[in-house]
Amino acid sequence: ERGIRELWDLHLAYFYEGLSVIGAWGGGVNSFAKKNAMPVALPIQGWHIAAAYLLTGETMNERAIIDPIRRFDLRKSSFGLGAFEPFVRYSELGLGEEVFTGGLADPNLWPNRIQMTDVGVNWYLNRLTKIYFDWQHAMYGQPVYYRPNGLRSTSDILWVRLQFYY
């Protein structure tokens, strides 16, 4: 990354009880260069929209720490499983043709557009602990180099992430 960087974003969010809908649209120009080469001004643009809903009765007015009504506790006297929040997100990212014409990438091996769908569940064990379960499905603008002698148009990933707030 070398040269100008002019980026902008527009964010919108809506919250109602346990529902959250969040979207963003952004773009701009970022400059890149191979070693000892002139920088290439690369236009970039993307957007996403996401929705989530707390199934266990919690409410929110911003994307912040969620304190479950019944925190995770397996003791009989104070049993609770925490809060559950299914979510979905769709996003797109596009780079200008300059990524190819400027010699930064080979158009026979790489795309300049990607679309992605995320579907998953957030599990809030308590106020400070969150576990994400997520499936991501990526769709490339054209097949991408995947392994020797192999191209793919899509890829999938299942992942789990543990997050501690402190």
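The largest pocket of this predicted model has a volume of about 350 Å³. Its lining comprises 19 residues, and those closest to the pocket centre are Ala-50, Arg-63, Phe-87, Arg-89 and Asn-122. Six strands each contribute at least two lining residues: S2 (19–32), S3 (40–53), S4 (83–95), S5 (113–126), S6 (129–147) and S7 (150–164).

Two or more lining residues come from each of strand S1 (5–16), S2 and S3, with S3 giving the largest share, five residues. The lining of the second largest pocket contains seven nonpolar and six polar residues, together with one charged residue.

Read from the N terminus, the order of the elements is β-β-β-β-α-β-β-β. The chain is more spread out than a compact globule, because its radius of gyration of 21 Å is well over the 15 Å that the globule rule gives for 166 residues. The C-alpha trace spans about 65 × 35 × 25 Å along its principal axes.

Of the 166 residues, 29% are buried. Among contacts with a separation of 6 or more, 56% are between residues 24 or more positions apart. The accessible surface of the chain is about 10900 Å², and carbon and sulfur atoms account for 60% of this area.

Terms used
Residues numbered from 1 in each chain as written. Predicted model: local features only at pLDDT ≥ 70, side-chain atom pairs only at ≥ 80, totals over all residues. Heavy atoms only, no water. 1 Å grid on protein atoms, 1.4 Å probe; cavity = no way out; pocket = protein on both sides within 12 Å on 5 of 7 lines; lining within 4 Å. Points joined across faces, edges and corners; volume = space filled by probe spheres on them. Helix = DSSP H or I, 4+ residues; strand = E, 2+ residues; numbered from the N terminus. Nonpolar A, V, L, I, M, F, W, Y, C, P; charged D, E, K, R; others polar. Rg over C-alpha atoms; globule rule 2.2 N^0.38 Å. Buried < 20%, exposed > 50% of the residue type's maximum accessible area, 1.4 Å probe, protein only. Contact = heavy atoms within 4.5 Å. Areas by Shrake-Rupley, 256 points an atom, 1.4 Å probe, with all protein chains shown as cover.
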